[in-house]
Every structure is written in C-alpha cells, then in structure tokens.
Amino acid sequence: QVRLVESGGGSVQPGGSLRLSCVASGRTFAMGWFRQSPGNEREFVAAVNWNHSTTYNADSVNGRFTISRDNAKNTIYLQMDSLEVVDTAAYYCAAGRTFGPIASLYDYWGLGTQVTVSS
C-alpha cells in the first residue's frame, strides 16, 4: 500500500503559476497527475516513469505544465505556468505499475489539492 499526499494548491490569477507536490510513502514506478472539476470526469494531466526518462503531458497543458520527480524524496512535482481559468480543478496525484494517461492504470491515489484560477 502506498500513501500519496498532495500539497501546493491555492488561488491564483490567470497567467500566474503554482507548483504542486506529491509525496509517496514508498517507492513507485509510474506517477502522474489528474484533475477533476465539478460535473466533469477525471482528466489526465501529466505522467512520469520511474527514472524520469519519459514524461507525457496532455495536449491541453503542453508547454505550460512540467512534471518532474525526485526519487530520493519519493516526490513528484507539477510546475504549472500560464494558468488559465479552465485549469481550475481538484488535482490528484496517482501512482501505479504502468505508465500512461488512463486513470485505471494507477493503483493509488491522493486526496487531491484544489487549484483555483480566477481574476
């Protein structure tokens, strides 16, 4: 069992930046970020494999969001720049054995951290 704890959410104006963190209680292979806003399904944001050799971003965040990981700290990060109102959502950290953009590939989930972008 792996426990995931997210942090770093908050409120920001359009064009601003936030950095999310997710600490895992143990070693993980693939880790990723998903987001969900009210009335919508959980949406893939970004993923990274265990040795950081491969990252994968959703088209909607490509060029604005960057995922990274520090295995020494069992932590992944999501640097979010040029935030837009449509990025408003609860952001969830996920960990699993398989790398990819589909939620069912991940075995463990955090409780989420809220990101609100508004003027």
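Reader: Which backbone nitrogen lies 2.9 Å from a polar atom of the side chain of Glu 6?
Author: That of Gly 112. Keep in mind that this is a predicted model.

Reader: Which other backbone nitrogen does the side chain of Glu 6 reach?
Author: The side chain also reaches the backbone nitrogen of Cys 93, at 2.8 Å.

Reader: And where is Glu 6 placed?
Author: Glu 6 belongs to strand β1.

Reader: Is Glu 6 buried or exposed?
Author: Glu 6 is buried, and it has no salt bridge.

Reader: What is the nearest side chain of opposite charge?
Author: For Glu 6 that is Arg 42, 7.5 Å away. A salt bridge requires a side-chain nitrogen of Lys or Arg within 4 Å of a carboxyl oxygen of Asp or Glu.

Reader: Back to Cys 93. What is it joined to?
Author: Cys 93 forms a disulfide with Cys 22, and the S to S distance is 2.0 Å. The link is left-handed, with -80° about the S-S bond. It connects distant parts of the chain: Cys 22 sits in strand β3 (residues 18-24) and Cys 93 in strand β9 (residues 89-96), 71 residues apart.

Reader: How many disulfides does a search of the whole structure find?
Author: One.

Reader: Does Cys 22 count as buried or exposed, and what about Cys 93?
Author: Cys 22 has a relative accessibility of 0%, so it counts as buried. Cys 93 is buried too, because its relative accessible area is 0%.

Reader: New topic: the open sheet. What order do the strands come in?
Author: The four strands run β1-β3-β8-β7, and their pairing is antiparallel.

Reader: Which strands stand at the edges?
Author: β1 (4-7) and β7 (65-70). Each has a single partner strand, so one side of each has no neighbour in the sheet. From one strand to the next, the twist averages 15°.

Reader: How many bridges pair β7 and β8?
Author: Six, in the antiparallel sense, with strand β8 covering residues 75-80.

Reader: What stands opposite Thr 66?
Author: Gln 79, in β8.

Reader: Last one, Ser 25. Where is it found?
Author: Ser 25 is in the loop between β3 and β4 (30-36).

Reader: Does Ser 25 count as buried or exposed?
Author: Ser 25 counts as exposed, because its relative accessibility is 51% and the cut-off for exposed is over 50%.

Reader: What separates the C-alpha atoms of Ser 25 and Val 5?
Author: A distance of 8.5 Å, although Ser 25 and Val 5 are 20 residues apart along the chain.

How values were computed:
Residues numbered from 1 in each chain as written. Predicted model: local features only at pLDDT ≥ 70, side-chain atom pairs only at ≥ 80, totals over all residues. Heavy atoms only, no water. Disulfide = S-S within 2.5 Å. Helix = DSSP H or I, 4+ residues; strand = E, 2+ residues; numbered from the N terminus. Buried < 20%, exposed > 50% of the residue type's maximum accessible area, 1.4 Å probe, protein only. Pairing = 2+ DSSP bridges. Axes fitted to C-alpha atoms, helices over the stretch in contact; angles between N-to-C directions. Lys, Arg positive; Asp, Glu negative; His and termini not counted. Polar contact = N/O pair within 3.5 Å; in protein donor to acceptor, adjacent residues only side chain to side chain.
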